[in-house]
Amino acid sequence: MTSVLTGRRVLLVEDESLILMLVEDALADFGCEIAGVASRFDDAVSKARSLDFELAILDVNLNGQRTFPIAEVIQARGIPFVFATGYGATSIPEALSTAPILQKPFAAPELERALRTALGGDS
Amino acid sequence: MLDRPEQHVSASAEALLNALPAAIYITDAEGRITFYNEAAAELWGVRPVLWESAWCGSWRLYWPDGTALPPDQCPMATALKEQRAISGACAVCERPDGTRVPFLAFPRPLYDRDGTFIGGINTLVDISPIKSAEQSLGRRAREQEALYRFTDNLYRASSLADIYAAGLDAILETLQGKAASILRFDQSGTMRFVASRGLSEAYRAAIDGHSPWQPDTRDPEPIFISNVEEASLPDEFRASIEAEGIRALAFIPLTSGGRVIGKFMTYYDAPRAFDRGAIDLAVTIARQLGFSLERAGADEERQQARDTLAASEKRLSQELDLTKQLHEISAAPIHEGDSASLYEKILDGAVNVMGSDFASMQIVSPERGPGGELRLIAFRGFDEQATKFWEWVGAGSQSTCAVALRTGQRVVCEDVRACDFMQDTDDLAIYLQSGVRAVQSTPLLSRSGQLLGVISTHWRRPHRPPLADLHRLDLLARQAADLIERANAASALRDRQERLRAVFDSPTVGVAVLTPDGHFIETNLAFSELSGFDAEELLSLNSLQLTHPDDRPAMRAELDGMLEGDRPGFVIEKRYIRKDGSVIWVQNSVSLTRDEAGRPLHLVKLIQDITGRKVAEKRQRLLIDEINHRVKNTLATVQSFASQSLRNASSLAEGRTAFEARLMALSKSHDVLTREHWEGADLIEVVNGAIAAYRGRAEQSRFRIEGERLRLRPKAVLALSMAFHELATNAVKYGALSKDSGKVSVSWRVVPQSGRFELRWRESGGPVVSPPARRGFGSRLIEYGLAQDIGGEVRLRFDDLGVICSISAPLNEITGPK
């Protein structure tokens, strides 16, 4: 079973290891590849700039820091991404508001739908 | 006569003697009357018994001075005893009918031819006509004297009363009545008693007002009633006249210029014949009296004219004074405290106008309950006790001022002792104690009719204030009312200004007055503190310059809306940029005042610093966000536990047990953090917490824990707790703790050179272990998850001696940034 997600290289930015593992497992189920994970801001910025990936999942709060600058880097590269957050949608700056927002906690189908939306395909 | 021993007088002589007009009688030597002629009998009024009556035939005898004259001492007795002739001795004979006859006696002794003394003969000459003439002369003289005295008294008279007194004296003296009176027409043409003597009050009252003449009767004739019984009189008068004991009376007209001006009356208690002399006398007195009254009238008129002139001059001068005072009062501007001196002036005016001994002025204080109370604001003549008593007067009091307060009408009390509403009250007691006998209270009414106060004047004696005085007082009252109204208005304005000033001077609320286009005109200290600009600097600023650029459009829109008349004001929350560049949040309450033509005049702003509130609001929002974040992350973590536990379990039951154990471990680590307010926990606490479940009392020795005291940050606490949980679970299942001999050592240190934290979990004495064929969630959580969470390395080895877990991480990842 192949889909638009199959083989996609995904960058994961998440500071909570258990959630990271959950998402990794889900991505594996979708047929995605993990291009990289980052749980530290600097590491995340660096990977966002240089890593070869097609899709990103960004936790809005990384050890108490907002990840919008990282999102801007990814957006600047024209790579689609998804926000994961425990906050409301209102906290996202307008310039970044086109990205799908995943409200934690989320189930695998929600993640999949968000990723598809980010990639521009609705199905 | 026949048996008489001796006959002195022959029959012929008897006939002769009886024919003589003179009274003659003869006695014997012992004085016994032997003969008297008819003239003698007539004189005596009695016929004496011959040979028995001695000395004189009179019934009673008197000396001329009226004293009794014993018969044996009468002139005849003397003549007989002394045998000498007496010529013309005077005596008075009283007849049995009481009439008295004065006579002269000419007794002389009689001798016979032998010269023997045989008796005496007496000739009595009736001298009544002579006496009467003498009396008449005396009366005339007395009348003349009385008239002279009358004239003299009239000349000296300085008042009408003197003239009346002189008239009554003359009437009584000359006309010899028992009573007299003088009556005059009053202004309405009614005859009234003006003076009288000897008349009862009842008689005067009954007769007063009646007259036989009218004021215009010309040449009236006197009327004499000699006998009331015979006169024709109206019954009503007759009754009064008889009751008074009057039997005769006379009405004598008093005239002036030929017209009747009055009359005098003379009254008698017996019928009386009025002879020519009496009539002439009465007319003479009437004429004199008339002249005098005429002259007195002229004098009186002149005096009245002079008095009137003086009075009108005095009134004019008073009016002038009053006008000046009124002008002074009304022209005076009212400044602070000035009204008191004007009240004093009004009181001075009231005392002048009313001629009073005291005065007071009170104003209504409506706030003192229903009906209000009067407060004393100025007074004259009262002592401390009285002013204290009158300081506040309620509408229920019984003083004239309280009645004026109740009724809004002037109250005049001519005599407080006779004032019915004041009887038996403290008010009356205080009035009397202060020496007040009369009082009037006049209400002070505003032009709209509202009662503002009361002005009262008081007198030491009973007093009826003349209408003219009251009218002038009304002028003063008008001024006083205006004054009170002006003072009240000024005071209200002052109060209002003070209240506004208090708002303006508020230490916490900024106040600013601006032009409609936003330039500052006036600002208070609080606003300067709030904005950082002093009042002077603000004068050159526009309020929009202070407003944060982001908030200017909203502020502009609100202002425009208000200026266009949409609403009178608005409230807005916005930011100011202070002089030092810092930003504060303010709440602006803006209102607009307009001039009489409705054009915008001023903006008035109240500005409150709400930065504190805004900061608190923001902090609260952040806190809620943070809680949300943590809760959602924790839920996601639990979701991961569930997912991993079930995914790796060989059975659902095993998965559930593993999930529950992990959940409990997570919960316990949360408990630890909650106790420490999520600020962190000691590593030793985290280790003990993780192994507590496997560390019974008997098994204490199976754990060896050593390491320095380290304070872990929350994230490290959670990550290590979960890792220890997985290690301990594995040790119990497959490792050292699965055998009684197994031991676990946990030790850590901070490597000084590298500054890294190193921890080792080492099992010993257990069965031989080997790496599991499939790495489960536990291993992944320890090796991968923990490493991620602490940004370090974690190695898990399974060798012959037992499980060894080595953890290494930068110290700051474990303890948090220093």
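This is a predicted model: local features need pLDDT of at least 70, side-chain atom pairs count only at pLDDT 80 or more; totals for chains, interfaces and linings use all residues.
In chain A, five strands come together as an open sheet with parallel pairing, and their order is 2-1-3-6-7. Strand 2 (33–38) and strand 7 (101–103) of chain A form the edges, each pairing on one side only. On average, neighbouring strands of this sheet are turned by 20° against each other, direction ignored.

Strand 3 pairs in the parallel sense with strand 1 (residues 9–13) of chain A over four bridges, and A:Val13 stands opposite A:Leu58. Strand 3 also runs parallel to strand 6 (residues 81–85) of chain A, joined by four bridges; here A:Asp59 has A:Ala84 as its bridge partner. Five of the five residues in strand 3 are buried. A:Leu55, A:Ile57 and A:Asp59 point one way from the strand, while A:Ala56 and A:Leu58 point the other way.

Helix 2 (residues 41–50) lies across strand 1 and strand 2, running at about 145° to strand 2. Helix 3 (residues 68–76) packs on the sheet and touches strand 1, strand 3 and strand 6, its direction making about 170° with that of strand 3.

Turning to the partner chain, the contact involves 16 residues from chain A and 20 residues from chain B. Helix 1 (residues 17–30) of chain A gives the most to the chain A side, with seven residues. By class, that side has seven nonpolar, five polar and four charged residues.

Technical notes:
Residues are numbered from 1 along each chain as its sequence is written. Chains are lettered from A and ligands numbered from 1 in the order in which they are written. Two residues are in contact if their C-beta atoms, placed from the backbone, lie within 7 Å. Helices (H or I, at least four residues) and strands (E, at least two) are DSSP runs, numbered from the N terminus. Ala, Val, Leu, Ile, Met, Phe, Trp, Tyr, Cys and Pro count as nonpolar, Asp, Glu, Lys and Arg as charged, and the others, Gly among them, as polar. A residue is buried if 20 or more other C-beta atoms lie within 10 Å of its own, exposed if 12 or fewer, and partly exposed in between; C-beta atoms are placed from the backbone. Two strands pair if DSSP finds at least two bridges between them. Axes are lines fitted to C-alpha atoms, for helices over the stretch in contact, and angles run from 0 to 180 degrees between N-to-C directions.
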